[in-house]
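Please look through the structure shown here before reading on.

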Amino acid sequence: MGRLDNKVAIVTGGASGIGERMVELFSQEGAIVIAADINEAALERVRQKENVYGMKLNVSSEEDWQALAKEVNNHFGKIDILVNNAGISSEKQYQEINLDDWGKMLSINGFGPFAGMKHVAPYMAEQKKGSIVNISSYTAQIGQGFNHYSASKGAVRAISKAAATTFGHQGVRVNTLFPGIIETPMTKSLETSKDLLGRLVQATPLQRLGQPEDIANAALFLASDESSFITGAELVIDGGFSAQ
Amino acid sequence: MRLQGKVGIVTGSASGIGRGIALAMAKEGAHIAIVDVNEEKGKETLAEVNKFTEGLLFIKNISIKENADKVVDEVVKKFGKLDILVNNAHVSRQVPFVETTEDHFDLSFGTGFYPTFYFMKAAYPELKKSKGKVINFASGAGLDGQPTQTSYAAAKEAIRGISRVAANEWGPDGINVNLISPIALTPGVEQWRQNDPKSYDAMINKIPLRRLGDTEQDIGRVAVFLASDDSDYITGQTLMVDGGSIKLR
């Protein structure tokens with residue numbers, strides 16, 4: 001018996017990285033998973049997996065969200081889970097960040113989850129049950145990252161709690177994950193990474209970087225009925241880095 | 001079975017939230033040591049745990065430091081190890097701030113804070129070997145400063161403080177220390193509902209999910225998550241299991 005048997009889940013950014021790990025884990029636990037992603041080539045790959053459907057989605061497009069939510073609901077009869085995982089990051093220093101950078105970052109990382117909740121929560125409310133998991137970042141909680149990325153993740157934090165209040169009486173839960181530094185191909189490729197990552201590991205109580213698995217496991221928990229009394233909560237997954 | 005072969009201690013587990021946790025963990029394959037002062041209820045919970053795994057029952061006053069050492073010793077003697085420590089027991093009285101006395105503090109710290117501290121100290125060597133998990137209990141009483149909860153709020157926030165210190169100190173040992181802040185339908189709350197249905201209903205209406213948590217399904221299963229490998233990279237955190245009542249920070 002799986003922990004997500006008979007559930008229908010949408011995972012944005014589901015075709016690569018942490019999102020892909022979530023898609024795999026959710027389908028292993030019995031869910032039908034819609035991996036929504038802007039990268040069509042990567043979508044082809046996830047479509048090979050069992051019980052996984054790949055759909056193209058630009059998270060900053062309301063038309064895309066409307067069409068996706070409607071199609072999933074028509075096809076599978078309901079939507080139980082939405083993970084707003086898609087996002088972009090940037091290595092720009094604050095001196096280089098301008099209004100265009102800011103706008104692009106916020107339209108994807110901020111408006112994306114908002115539009116997702118706006119268009120998917122009503123379908124969840126129809127069955128008086130649903131779980132939304134948003135992905136913020138530890139940078140939204142501690143004084144790190146004076147940039148548009150932290151701002152966008154702070155936006156996710158704020159709208160998640162407000163959404164929990166807004167949709168709670170309709171049985172729709174909204175919770176937020178705060179990953180620390182997660183070891184992905186992207187973090188490994190950073191020029192400065194070796195030195196920096198070594199120091200970060202030293203500064204982390206659990207003495208290691210996070211793995212995509214760590215975030216996927218927490219998303220699974222919040223997506224499942226095991227967490228059915230948790231809403232508006234924030235779960236930090238950073239090996240204790242920000243607890244210090 | 002997500003806790004197959006694990007061994008856990010749950011204080012205050014004869015009834016209420018502790019019982020819900022003991023049962024949820026036993027159903028996932030963990031052997032559970034029940035620690036409580038209520039022998040009759042303790043035996044009932046033990047019988048339920050024994051349907052799934054093997055339980056032990058300790059009728060002990062956990063305000064006494066030596067009892068923590070005794071329980072840990074006997075659990076390790078029986079099962080060979082200790083993976084999970086849940087510090088759930090806590091007794092307090094609700095009175096207005098100005099009527100609160102040292103006796104109220106002694107009760108709340110003596111049954112909640114000190115036992116948590118004693119058990120963590122007693123369990124540390126074993127948890128270090130097993131790369132184990134500690135789950136402590138916080139409360140909205142402390143987080144929100146609920147009226148009449150002076151002694152309880154103080155002890156609960158003290159528990160949060162030492163939990164974060166232990167998370168930092170024991171992180172390199174691979175031990176995770178986290179907290180749950182619950183609201184649940186316990187026998188005590190059920191009593192209150194019967195005595196004062198009006199304020200009970202008012203309370204429910206303030207909870208976004210419009211219901212109380214179930215001790216086993218809602219609180220117990222969250223404890224299973226925090227005791228399982230799924231939460232290996234989470235430490236020093238307070239997890240709200242309160243239907244959205246408090247949005248932390």
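## A loop residue in chain B

The side chains of B:Asp196 and B:Ser199 are joined by a polar contact of 2.3 Å, in a model that is predicted. B:Asp196 is found in the loop between α7 (187–195) and α8 (197–205) of chain B. Between the C-alpha atoms of B:Asp196 and B:Ile64, which are 132 residues apart along the chain, the separation is 36 Å.

## Two helices of chain B

How many of the 13 residues of helix α9 (residues 215–227) of chain B are buried? Eleven of them are, so this helix is largely enclosed by the rest of the structure. Among the buried residues of α9(B) are B:Ile219, B:Val222, B:Phe225 and B:Leu226, and the list also includes B:Glu216 and B:Asp218. At the start of α9(B), the backbone nitrogen of B:Glu216 is reached to within 3.1 Å by a side-chain oxygen of B:Asp214.

Helix α4 (residues 102–130) of chain B holds B:Thr116, which is buried with a relative accessible area of 1%. Once its neighbours within four places in sequence are left aside, B:Thr116 is in contact with B:Asn87, B:Asn136, B:Ile159 and B:Ile162.

## Salt bridges

Over all chains, a search of the whole structure finds 30 salt bridges.

| A:Asp225 | A:Lys7 | 2.9 Å |

The salt bridge of A:Asp225 with A:Lys7 links distant parts of the chain, since A:Asp225 lies in the loop between α8 and β7 of chain A, while A:Lys7 lies in the segment before β1 (8–12) of chain A, 218 residues apart. A:Asp225 is partly exposed at 25% relative accessibility, whereas A:Lys7 is buried, with a relative accessible area of 10%.

B:Glu54 lies in the loop between α2 (39–49) and β3 (55–59) of chain B and B:Lys78 in helix α3 (residues 65–79) of chain B, so the pair ties together parts that are 24 residues apart in sequence. B:Glu54 is partly exposed, at a relative accessible area of 35%, and B:Lys78 also counts as partly exposed, at 42%.

## Aromatic rings

The whole structure, searched over all chains, gives twelve aromatic pairs. One of them is the edge-to-face pair of A:Tyr53 and A:Phe76, with 5.2 Å from centre to centre and 65 degrees between the planes. This pair links distant parts of the chain, with A:Tyr53 in strand β3 (residues 52–56) of chain A and A:Phe76 in helix α3 (residues 62–76) of chain A, 23 residues apart. A:Tyr53 is partly exposed at 38% relative accessibility, and A:Phe76 is partly exposed at 22%.

B:Phe113 and B:Tyr114 likewise form an edge-to-face pair, at 5.2 Å centre to centre with 80 degrees between the planes. Here B:Phe113 is buried, with a relative accessible area of 13%, but B:Tyr114 counts as partly exposed at 38%. Both belong to a cluster in which ring pairs link B:Phe105, B:Phe109, B:Phe113, B:Tyr114, B:Phe117 and B:Tyr118.

## Where the chains meet

The contact between the chains takes 38 residues from chain A and 38 residues from chain B. About 3,200 Å² is buried between chain A and chain B, and carbon and sulfur atoms give 61% of that area. On the side of chain A, the residues that lose the most area to chain B are A:Leu206, A:Glu226 and A:Phe229, together 24% of what that side buries.

Across this interface the rule finds two salt bridges. A:Glu226 forms a salt bridge with B:Arg2, in which the closest N and O atoms are 3.3 Å apart. There are also 14 residue pairs in polar contact across the interface. By class, the side of chain A that touches chain B has 14 nonpolar, 14 polar and ten charged residues.

Note on methods. Residues are numbered from 1 along each chain as its sequence is written. Chains are lettered from A and ligands numbered from 1 in the order in which they are written. This is a predicted model: local features need pLDDT of at least 70, side-chain atom pairs count only at pLDDT 80 or more; totals for chains, interfaces and linings use all residues. Side-chain values use heavy atoms; hydrogens and water are left out. Contact means heavy atoms within 4.5 Å. Buried area is the accessible area (1.4 Å probe) that two parts lose on being put together, summed over both. A salt bridge is a side-chain nitrogen of Lys or Arg within 4 Å of a carboxyl oxygen of Asp or Glu. A polar contact is a pair of N or O atoms within 3.5 Å; within protein, one must be able to donate a hydrogen and the other to accept it, and residues adjacent in sequence count only if both atoms are side-chain atoms. Ala, Val, Leu, Ile, Met, Phe, Trp, Tyr, Cys and Pro count as nonpolar, Asp, Glu, Lys and Arg as charged, and the others, Gly among them, as polar. Rings of Phe, Tyr and Trp (its six-membered ring) pair if their centres lie within 6.5 Å; planes under 30 degrees apart count as stacked, over 60 as edge-to-face and the rest as tilted. Helices (H or I, at least four residues) and strands (E, at least two) are DSSP runs, numbered from the N terminus. Buried means under 20% relative accessible area, exposed over 50%, partly exposed in between (1.4 Å probe, protein chains only).
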